[in-house]
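Biologist: I have a new model to learn from. Can you take me through it, one question at a time?

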Amino acid sequence: MSSPPSGPVHVVRAPGRVNLIGEHIDYCGLSVLPMALGRSVRITFHPRSDRETRLVNRDPRFAPSAFAVNETVPPAPAGDWSNYARAAVSAVAQRFPDLRGVDALVESDLPIAAGLSSSSALVVAMALAMLHANGVTVAPLELMELLARGERYVGTAGGGMDQAIILGAQAGCASRIDFHPLRLTPTAVPADWQFIVAWSLVPAEKSGSARQAYNERTRGSDEARRLVATRLSQPKDITYAALVAAAPVEDLLELAEANLSGVLARRFRHVVTEGTRVPQAEAAMAAGDLAAFGRLLDASHHSLRDDYEVSHPELDRLVELAREAGAAGARLTGAGFGGSIVALCRVERAPEVVAALRERFYAPRGAAADVGRHVFVAEPSAGAEVLTPG
Ligand code: NG1
């Protein structure tokens, strides 16, 4: 790393996440149920004495980047990896003026564009590095919200799930995240359950083409909410949570069906039904009811595929193969349009599921040799942390 150094070297680690259920509803303000992964972004950094920040990425695909710490860090060209670090630095600099910069080495064992939030992990890791380097702190819930807003710097109108779970996860647990106000409620993942993550080999670049499709979903779900609210003589700015509390779900769905375009009625149905599945899944997890959790995963996938239209034939195929191999349920996870699936099975069944995916999905696509990289067991892990100076 380059000079001028002015402090010891530190390491920060921010995990990726897998969302178990509650997909495409965080930006509607409805609760979600993710957990953090063992795989993470790590940043080794030391504070500088000036406002310069220099980033080097261990992955040679990502060129070094340098910029001055400022409330309005100019973005690199769209799609540049450093924009996630720039987003974090801008957000933190808006909160604290006169911060000094860092020299930072970024490395990650998280697959990119796989729906596992490698981008938010980088945002969180960079923000923690900046805070630590400057000896300032932000309370966890405030930091989660600050960085959820801050990540919009890259152009996605995202919800707040990723930053919240990456900062607030507890080892061994999934967490229900509620919004407005933001809260995290952990539930232990039963010891004999295993969540398997499998990549579809189709990148879902949220900094690229998937961004438009993602932002279209956020707009569609919002428009559907406003139209249904009007029909119910409710205020136009009523939240989804308040709407669902105002009338039985069946009535809301009927109303949407009768009054909205086909597309908007389907978007609405996904949001509302997915919202009901999250507390059911949380209860199934607390009760150790694997079959019930599996059914909810399946229902979520069907809804994302047919109503929200964010799946991909390769995700559908992975889900189908995982189910045939004995998973209790499976669904796409993350924003979709490619990316990964998550499948649930008992621990002893996991090797069979992985073997079936290798033989029936990865081998025909010439990717069997890399199955260890494409498929892994999700260990429910702790949230981001600054590790002791090395
Ligand atoms: P990923 O899977 O990282 O693209 C995105 C959003 C989430 C959430 C999910 C869909 C960001 C940073 N992340 O996640 O907030 O809306 O899609 O459930 O925008």
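Biologist: Is S90 buried or exposed?

Modeller: Buried means under 20% relative accessible area, exposed over 50%, and partly exposed in between, with a 1.4 Å probe and protein chains only. S90 has a relative accessible area of 4%, so S90 is buried.

Biologist: What sort of model is this, and how are residues counted?

Modeller: This is a predicted model: local features need pLDDT of at least 70, side-chain atom pairs count only at pLDDT 80 or more, and totals for chains, interfaces and linings use all residues. Residues are numbered from 1 along each chain as its sequence is written, and side-chain values use heavy atoms, leaving out hydrogens and water.

Biologist: Which residues does S90 touch, not counting those up to four places away in sequence?

Modeller: S90 is found in helix 1. Contact means heavy atoms within 4.5 Å. By that rule, S90 touches N70, E71, T72, V73 and Y153.

Biologist: Which elements do the buried residues of helix 3 pack against?

Modeller: Helices (H or I, at least four residues) and strands (E, at least two) are DSSP runs, numbered from the N terminus. Helix 3 covers residues 140-150, and its buried residues include L143, M144 and L147. They pack against helix 1, helix 2, helix 4 and strand 7.

Biologist: Which residues form the covered face of strand 4?

Modeller: Strand 4 spans residues 65-68. A66 and A68 make up its uncovered face. The covered face is S65 and F67.

Biologist: Which residue in strand 4 is the bridge partner of R54?

Modeller: Two strands pair if DSSP finds at least two bridges between them. Strand 3 and strand 4 run antiparallel, joined by 4 bridges. The partner of R54 is A66.

Biologist: Which strands stand at the edges of the open sheet of 4 strands?

Modeller: Its order is 9-10-8-11, with antiparallel pairing. Each edge strand has a single partner strand, so one side of each is left without a neighbour in the sheet; these are strand 9 and strand 11.

Biologist: What angle does the direction of helix 10 make with that of strand 9?

Modeller: Helix 10 packs on the sheet. It touches strand 8, strand 9 and strand 10. The angle with strand 9 is about 160 degrees.

Biologist: Which side chain makes a polar contact with that of E320?

Modeller: E320 lies in helix 10 and is partly exposed, at 39% relative accessibility. A polar contact is a pair of N or O atoms within 3.5 Å; within protein, one must be able to donate a hydrogen and the other to accept it, and residues adjacent in sequence count only if both atoms are side-chain atoms. At 2.6 Å, the partner of E320 is R317.

Biologist: What is the radius of gyration of the protein?

Modeller: The protein has 12 helices and 12 strands. The radius is taken over C-alpha atoms, and the globule rule is 2.2 Å times the number of residues to the power 0.38. For 390 residues the rule gives 21 Å, and the protein is close to it, so it is as compact as a globular protein of that length: 21 Å.

Biologist: What share of the residues is buried?

Modeller: The count runs over 390 residues in the protein. The buried share is 56%.

Methods. Axes are lines fitted to C-alpha atoms, for helices over the stretch in contact, and angles run from 0 to 180 degrees between N-to-C directions.
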